[in-house]
Number of protein chains: 2
Amino acid sequence: MKRASFADMNCSVAQTLEVIGEWWTLLIVRDALFGVTRFDEFSSRLGIARNVLTRRLDTLVDHGVMTKVPYQDNPIRHDYRLTEKGRDLWTVLTALRQWGDKWAIDTEPPIVTSHRTCGHTMTVEPVCSECGEALTRGSIRIHRGPGADEQSPSPIGHSEDRATPTN
Amino acid sequence: MKRASFADMNCSVAQTLEVIGEWWTLLIVRDALFGVTRFDEFSSRLGIARNVLTRRLDTLVDHGVMTKVPYQDNPIRHDYRLTEKGRDLWTVLTALRQWGDKWAIDTEPPIVTSHRTCGHTMTVEPVCSECGEALTRGSIRIHRGPGADEQSPSPIGHSEDRATPTN
C-alpha cells in the first residue's frame with residue numbers, strides 16, 4: 001500500500017506520510033506553501049507523472065484549495081495558487097512536519113522555521129484559545145459537538161465525556 | 001481516486017481526508033485517541049473489511065505507532081494501544097479536525113474539545129515556541145534546516161530564505 005518513492009525523500013512531511021498513508025496531494029500543498037506556482041516546477045520537484053499531477057491539481061482546484069490564474073495567453077498557461085482555504089492547511093502541514101521531525105526521520109530537520117516578529121528559529125506550539133496555556137494531549141477533553149449525530153465518531157463512553165488518558 | 005465511503009461520514013477529519021486524499025489509517029488513530037482498543041470496535045466504528053483493518057493495524061504496530069497488548073489468553077486476544085509516538089499524532093488529528101470544521105463541513109462541529117485546566121470549550125491555537133505570540137502563516141519564515149540536502153524540498157529562492165507570502 002506504500003509508495004516506495006516517498007521513502008527516499010529527505011522531508012519530514014513525506015516521511016510522516018510514509019508512516020501514515022500515501023498522498024501526493026499534501027506534498028503539492030507543501031510545495032505551494034514554499035512558493036511553487038508553475039506546473040513544470042511542481043512536476044520536477046515532485047517527480048510524478050504529468051497526467052497524475054494534472055489530476056491532483058484539478059482536484060485541488062475543484063475543492064477550492066487552489067485556483068488557476070492565467071499568466072500567458074498564447075498558448076494559455078496558468079499559475080496554480082493556494083486560496084485562503086488552501087493556505088489554511090499550513091497548520092496541517094506544520095503538524096505533519098513537526099511530528100515527522102520528531103518521529104519519522106533520523107536526521108536533523110531538513111526544514112526549520114523562524115518567526116518574523118521575534119526573529120528566533122522556533123517551532124509551532126499548541127495553546128488553549130481561551131486561557132493561553134500550553135496544551136498536551138492529556139489536557140484536552142473530547143466531547144460530542146453540536147453537529148454530532150448517530151453517525152458521528154464519538155469518544156468511548158458515549159453519553160459521558162471521554163477524558164483523554166493522561167500522558 | 002476517492003473513497004465514496006468517506007463522503008458520508010459526519011466527521012471533520014473524514015471530510016478533510018475526502019478533500020486531501022484517502023487514508024483509513026488516520027481514522028484508526030482518531031478512534032484510538034477516542035479510547036478504542038478492540039479490533040471489533042475499530043471494525044464496527046470504521047466499517048472496513050476485517051482483512052484491511054488487520055493490515056492497517058499491523059502496519060501501525062510495525063511503525064511503532066500502536067502496540068499490541070494481550071487481554072485474553074485462550075484464544076489469545078489483543079488490545080491495540082497507541083504508543084507515545086502514536087499519541088503524539090494528536091496534533092495532526094487536531095489540525096485536520098479544525099481545518100475540516102472550518103472548510104470541509106457544512107454543519108456545526110461534530111466534536112468539540114475543552115481544556116481540563118480552565119474548563120472552557122476551546123480550540124487549539126498555534127503560538128511561537130520562543131516568544132509565545134499567536135502565529136499566522138504569514139508570520140512564519142521557512143528555511144533550509146541542518147538536515148537539508150540536495151534532495152530536500154526547499155522554499156523557492158534556494159539559497160535565499162523564502163518568506164511565506166503574507167495573508
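**Entry 1. Strands across the interface**

I began with the strand pairing between the chains of this predicted model. I found that β6(A) pairs with strand β3 (residues 111–115) of chain B in the antiparallel sense, over 5 bridges. I then looked up one position in this pairing: I142(A) has T113(B) as its bridge partner in β3(B).

**Entry 2. Extent of the contact**

How many residues of chain A are in contact with chain B? I noted 77 residues of chain A in contact with 77 residues of chain B. I listed the elements that give two or more residues to the side of chain A that touches chain B: the helices α2 (12–20), α3 (24–33), α6 (84–87) and α7 (90–103), and the strands β3 (111–115), β5 (124–128) and β6 (140–144). The largest share of that side comes from α7(A), with 9 residues. Sorted by class, I recorded 37 nonpolar, 23 polar and 17 charged residues on the side of chain A that touches chain B.

**Entry 3. Relation of the two copies**

I next looked up how chain A is superposed on chain B. A rotation of 180° does this, with 0.0 Å of shift along its axis and an RMSD of 0.0 Å. This is the relation of a two-fold axis. The same surface serves both copies, as 100% of the contact residues of chain A recur in chain B. Which residue of chain A comes closest to the rotation axis? I found P126(A), whose C-alpha lies at 2.4 Å from the axis.

**Entry 4. Elements of the chain**

I counted 7 helices and 7 strands in chain A. Their order from the N terminus on is α-α-α-α-α-β-β-α-α-β-β-β-β-β. Among the contacts in chain A with a separation of 6 or more, 41% are between residues 24 or more positions apart.

**Entry 5. Hairpin and cis peptide bonds**

A hairpin of 2 residues joins β1(B) to β2(B). I found P75(B) in the loop between these strands of chain B, and the peptide bond from N74(B) to P75(B) is cis, with omega near 0°.

I then looked up the corresponding place in chain A. P75(A) is found in the loop between β1 (66–73) and β2 (76–82) of chain A. The peptide bond from N74(A) to P75(A) is cis, with omega near 0°.

**Entry 6. Confidence of the prediction**

For the complex, I recorded an ipTM of 0.83 and a pTM of 0.83 from the predictor. Chain A has a mean pLDDT of 80, and 78% of its residues reach 70 or more. Which elements of chain A have the lowest and the highest mean pLDDT? The lowest, 43, belongs to helix α1 (residues 4–7) of chain A, and the highest, 98, to β5(A).

I marked two stretches of chain A for caution. Over residues 1–6 of chain A the pLDDT is below 50, and this stretch has 8 contacts in the model beyond near neighbours in sequence. Over residues 158–167 of chain A the pLDDT is also below 50, and there the model has 21 contacts beyond near neighbours in sequence. Where pLDDT is low, the predicted coordinates should not be read in detail.

Definitions and conventions. Residues numbered from 1 in each chain as written. Chains lettered and ligands numbered in written order. Predicted model: local features only at pLDDT ≥ 70, side-chain atom pairs only at ≥ 80, totals over all residues. Least-squares fit on C-alpha atoms with pLDDT ≥ 70 in both. Contact = placed C-beta atoms within 7 Å. Helix = DSSP H or I, 4+ residues; strand = E, 2+ residues; numbered from the N terminus. Nonpolar A, V, L, I, M, F, W, Y, C, P; charged D, E, K, R; others polar. Pairing = 2+ DSSP bridges. pLDDT = per-residue confidence, 0-100.
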